[in-house]
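Hello,

Here is the structure I promised to pass on to you. Have a look at it first, and then read on for what turned up.

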Amino acid sequence: MSTASASPPASSSGPSSSLRERKKRRTRQLLVDTSLELFTERGFGNVTLDELCDSVEVSKRTFFRYFTSKEDVAMAPTQDLWLTFLDVLETAGLGPADRPVLLLIQDTLLTALDRTTTDDWSHRVLLSRNLAERTPSMDAHGLHFCDRTTRAALATLHRRLDIADPADLRPRLAVDMVVAAFHCALATWASATGTASRNAPSPDSLSAHTRHAFTALAAAPTFPVTPHQDTSPRP
């Protein structure tokens with residue numbers, strides 16, 4: 001998958017290198033914050049890439065070191081979360097043997113949330129979500145990113161776990177269910193504000209909404225339903 005929107009990795013080669021990395025992270029964050037501000041104020045399609053770069057005082061060449069497109073920078077807040085998810089899935093302990101893969105993926109996402117979310121991140125996510133709702137190209141970009149993330153997660157699961165059948169559908173379905181549950185949690189969390197303001201729901205609240213969605217997911221297969229009785233008078 002593309003890592004263009006991943007945060008620059010930390011370097012351990014000395015103080016000057018660390019300073020360069022901090023500058024890179026600041027430049028990247030300034031691009032994200034400025035793009036979300038401009039897109040929100042003027043509309044996504046009414047801000048050119050040249051205007052965005054001029055506002056941050058960087059060249060387009062510098063922009064493309066961090067992001068692949070306007071859509072990429074506008075969706076960076078949630079994409080960063082999923083990039084952290086992939087990193088946790090790759091590097092963290094897998095827990096006890098015979099652990100259900102669904103629980104492994106859920107815990108991985110919750111750990112990623114703990115590592116990623118801050119109050120500023122909350123505000124950025126709300127701005128990005130509002131933009132995506134009225135910008136078809138952002139929605140399409142999000143679908144492509146989700147597909148790449150899913151494929152990367154499955155590759156990691158098959159590499160780290162003893163899955164006898166490479167064609168087993170259960171790991172894929174588990175990833176898809178966790179993604180769907182998180183989207184539900186994100187929607188209910190965001191609706192607590194109604195508008196993208198600085199009074200955004202807290203990151204802890206998002207984690208709580210996500211845990212609630214995972215609880216609902218576990219109960220969904222056995223959720224009983226009864227058809228409505230038609231009590232309207234017949235002609």
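A word on helix packing before the findings: the axes here are lines fitted to C-alpha atoms, for helices over the stretch in contact, and the angles run from 0 to 180 degrees between N-to-C directions. Please also keep in mind that this is a predicted model.

With that in hand, take α5 and α7. They pack at an angle of about 120°, and their axes are 8 Å apart. Angles of 65 to 115 degrees count as roughly perpendicular and those over 145 as roughly antiparallel, so α5 and α7 are oblique to each other. On the α5 side the contact is made by P77, T78 and L81, and on the α7 side by W121, R124, V125 and S128. Sorted by class, the residues of this contact are four nonpolar, two polar and one charged.

α7 also packs against α9, at an angle of about 100° and with the axes 11 Å apart. That angle makes α7 roughly perpendicular to α9. Here α7 contributes S122, V125, L126 and R129, while α9 contributes L186, A187, W189 and A190. Six of the residues in the contact of α7 with α9 are nonpolar, one is polar and one is charged. You will find V125 of α7 both in the contact with α5 and in the contact with α9.

Now for the overall picture. The protein chain has ten helices and zero strands, and read along the sequence its pattern is α-α-α-α-α-α-α-α-α-α. Of the 235 residues in the chain, 40% are buried. If you take the contacts with a separation of 6 or more, 72% of them are between residues 24 or more positions apart.

Next, the largest pocket, which has a volume of about 540 Å³. It is lined by 20 residues, and the closest to its centre are M75, T78, D139, G142 and H183. Two or more lining residues come from each of α5 (76-91), α7 (119-133), α8 (136-160) and α9 (170-191). Which of these gives the largest share of the lining? That is α8, with eight residues. By class, the lining has ten nonpolar, seven polar and three charged residues.

F85 lies in helix α5. Is F85 buried or exposed? Its relative accessible area is 2%, so F85 is buried. Leaving aside neighbours within four places in sequence, F85 is in contact with I105, T108, L109, A112 and A153.

Happy looking, and do write back with any questions.

Best wishes

Technical notes. Residues are numbered from 1 along each chain as its sequence is written. This is a predicted model: local features need pLDDT of at least 70, side-chain atom pairs count only at pLDDT 80 or more; totals for chains, interfaces and linings use all residues. Side-chain values use heavy atoms; hydrogens and water are left out. On a 1 Å grid over the protein atoms alone, a cavity is a set of points where a 1.4 Å probe fits but cannot get out, and a pocket is an open set with protein on both sides within 12 Å along at least five of seven lines; lining residues have an atom within 4 Å of a point. Grid points are joined across faces, edges and corners, and a volume is the space filled by probe spheres set on the points. Helices (H or I, at least four residues) and strands (E, at least two) are DSSP runs, numbered from the N terminus. Ala, Val, Leu, Ile, Met, Phe, Trp, Tyr, Cys and Pro count as nonpolar, Asp, Glu, Lys and Arg as charged, and the others, Gly among them, as polar. Angles under 35 degrees count as roughly parallel, over 145 as roughly antiparallel, 65 to 115 as roughly perpendicular and the rest as oblique. Contact means heavy atoms within 4.5 Å. Buried means under 20% relative accessible area, exposed over 50%, partly exposed in between (1.4 Å probe, protein chains only).
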